[in-house]
Amino acid sequence: MRNKRILYVLMAIILVVPSFLVTANLSKHVEAAEDATGEYASKDEVVYATLSPTGERQEVYVVNIFDVIKEGKIVDNGLYSNLKNLTNLSELEQTEDNTVAFTAPEDKFYYQGNLENAELPWDITITYLLDGKETEAAELAGQDGKVEIKIETSANENVDPVFFENYLLQISLNLEPEIYDNIVTEGGVVANAGKNKQVTFTVMPEQAGELTVKADVVDFELQGMEIAAVPQSMSIDAPDMDEMTGEMDTLTKAIRDISNGVGELNTGVSDLNSGVASLRDGSGQYLEGITDVNGASDGLIDGSIAINEGLTQMSNSLRNGSSEMDLSGLKELPNGLSQLAEGLHQTSDGLTKLNENYTVAYSSLDEAMLAIPDYKLTDEEIADLNASDANSEVVKKLLETYQATRNAKGTYSAVKEAFAAVDPTLNEVSGSVTEIANTMERIAAEITTSLEGMNMADSIGELQAGLATLSANYKTFHAGLVSYTDGVGQLSSSYQDVHTGIVELSGGTSELESGVEELDDGTDTLYQSTKDMPDEMQEEINQMIDDYDKSDLDAVSFVSAENEKINSVQFVIKTESIEKQEQESNEEQEEEEPKGFWDRLLDLFKN
């Protein structure tokens, strides 16, 4: 037994003596290091904070982490109420100028500093509603019902805005399934975390958060919420926009083609309107001419009746053999017939000129009408056009123009046969008038010749026979002349309706031209507004990516703006849990007296 005790003492000496030697050497090493100036490559700050269940700040402390590359004395900036070395047993010195001095070996060096009255970059407010009524957090513990938790975050204007503008907040709630059921969240994601449900919210930089969780609860308790704030340092890659911009480019090209097509339609409708205007003017001249001709018909008939009566009277007089017959009027007959023939020739020339003008106007109208497309939009196509993203005013004008064009072409198709019949009618009337005039000229010439070479005394019988024949033939001519004037009267009366239709058509094509011109302006404006859309879309996406890409952020110290070489600053925030109060036990637990060094050392060798 005695030998065994001696063995214990020797072993204890062996264990303790080297530790004294190491401590002595370490003290000498630390004294030497304190005289040297240390150097660090970078510094990290982790800010820990605790909040009340409603978000009021309670405690804030910072763990400072140095990457020391040269052993020695290092000075840090910060006004702390309490310091704790988390690396070794060396002391930390707080100076009057708000600096912390310490001696650090090469490697990572950690120390904690507590901050008094430190404000966080975010104002966080948490409210609780039980069955729709706002309730104090302490009163919720153990309650049943429908609970709503509202979390609001906003910028704290008293803190450097660099954190609010560049840091992303992640807020997590762990909900026990025995307590929470029918979990609904606005702005959050619900996932499984072991046996619990975890609700996670993300608040982007520069954004205020309004977050809500609703659930049915039994015997309410809530674990502390965990809030992490880290810089959004991830780089956001631009999405592949080739397909989308390609489709937008196709759309803008289609709009360009529509604009060009409407421009061509505008030119065509303008030509159509000009042609119809010319047709209207020519039709007005024709109507005026045919009205004049119709008005002269009565005089022409009266003159023909007088000639017919004169020829009859002369024929009767010669047949009765009157020796006292006055033949002086017969000598004036050729002049009357010649004047009548000249008037008929002028009428014929007027009808020919009118027909030429009408032919040109009608040809222009027909060509313009044929140029209008004959396709017809279906109700489905019109509905799709109205439901498209095209400008509604432009679409409305386009449909109105389309309908007006269809109406104009339909009206023209209905009266085209009447237009086509005018040309041959004018040719036939003009030819008939010319033929009558030529006949009258021949009669006048024959009468003149007969009178010049005729012996009145010897040829009275021949004259009588000739006048009888002329009188009989003239009756036929007069009947034809009456038919002609009746036809002119009918033509004049009927053409009034045709001319009215042409005037209305001219007004319609004028409105059509005005509408298509506005449509042309609208489609051109639409194209000018959309032609750069693919590039503008890409620029907008790039701008959005730049707004959220914080990968180029230069970290700054939360504790002091004078601190340098800051690598990162992170925030770890937690709220107090809401728990039911447990009854304190009246039984006093006996505390075991702590063992001394030698007792614990001996325990190591006991069986």
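How many helices and how many strands does the protein have? The protein has 10 helices and 17 strands, where helices (H or I, at least four residues) and strands (E, at least two) are DSSP runs numbered from the N terminus. The model is a predicted one, in which local features need pLDDT of at least 70 and side-chain atom pairs count only at pLDDT 80 or more, while totals for chains, interfaces and linings use all residues. Residues are numbered from 1 along each chain as its sequence is written, and side-chain values use heavy atoms, with hydrogens and water left out.

A word on confidence comes first. The pLDDT, which is the predictor's confidence in each residue on a scale from 0 to 100, averages 76 over the protein, and 70% of the residues score at least 70. Over residues 19-24 the pLDDT is below 50, and this stretch has zero contacts in the model beyond near neighbours in sequence, a contact being heavy atoms within 4.5 Å. Where pLDDT is low, the predicted coordinates should not be read in detail. Across the protein, 80% of the contacts with a separation of 6 or more are between residues 24 or more positions apart. Of the 607 residues, 36% count as buried; buried means under 20% relative accessible area, exposed over 50%, and partly exposed in between, with a 1.4 Å probe and protein chains only.

Nine strands form an open sheet in the order β4-β7-β2-β1-β17-β16-β11-β14-β13, with mixed pairing; two strands pair if DSSP finds at least two bridges between them. Its edge strands, each pairing on one side only, are β4 (82-85) and β13 (188-193). From one strand to the next the twist averages 20°, with axes taken as lines fitted to C-alpha atoms (for helices over the stretch in contact) and angles running from 0 to 180 degrees between N-to-C directions. Strand β4 runs antiparallel to β7 (residues 107-115), and four bridges join the two; here Asn82 has Asn114 as its bridge partner. Strand β16 (residues 226-231) pairs in the antiparallel sense with β11 (residues 167-175) over six bridges, and with β17 (residues 566-575), also antiparallel, over four. Within these pairings, Tyr167 is bridged to Pro231 of β16, whereas Ile227 stands opposite Ile573 in β17.

Rings of Phe, Tyr and Trp (its six-membered ring) pair if their centres lie within 6.5 Å, and planes under 30 degrees apart count as stacked, over 60 as edge-to-face and the rest as tilted. By this rule there are 15 aromatic pairs. One of them joins Tyr167 and Phe571 in an edge-to-face arrangement, 5.8 Å centre to centre with 80° between the planes. This pair links distant parts of the chain, with Tyr167 in β11 and Phe571 in β17, 404 residues apart. Both Tyr167 and Phe571 are buried. Elsewhere, one aromatic cluster is made up of Tyr40, Phe66, Tyr80, Phe102, Phe109 and Tyr111. The charged end of Lys565 sits over the ring of Tyr40, 5.3 Å from its centre; the criterion is that NZ of Lys or CZ of Arg is within 6 Å of the ring centre and within 35 degrees of the ring normal.

Strand β8 (residues 122-130) has two antiparallel partners to describe. Nine bridges join β8 to β10 (residues 145-155), with Thr125 opposite Glu152. Two bridges join β8 to β9 (residues 133-134), and there Leu129 stands opposite Glu134. A hairpin is formed by β8 and β9 with two residues between them, and Asp131 in the turn has a positive phi of about 55°.

Most residues other than glycine have a negative phi, and most peptide bonds are trans. Asn117, in the loop between β7 and β8, has a positive phi near 60° and is exposed, with a relative accessible area of 69%. Asp219 also has a positive phi, of about 55°; Asp219 is found in the loop between β15 (209-217) and β16 and counts as partly exposed at 31% relative accessibility.

Finally, helix α8 (residues 460-530) contains Glu504, which is exposed at a relative accessible area of 58%. The C-alpha atoms of Glu504 and Arg280 are separated by 9.3 Å, although the two residues are 224 residues apart along the chain.
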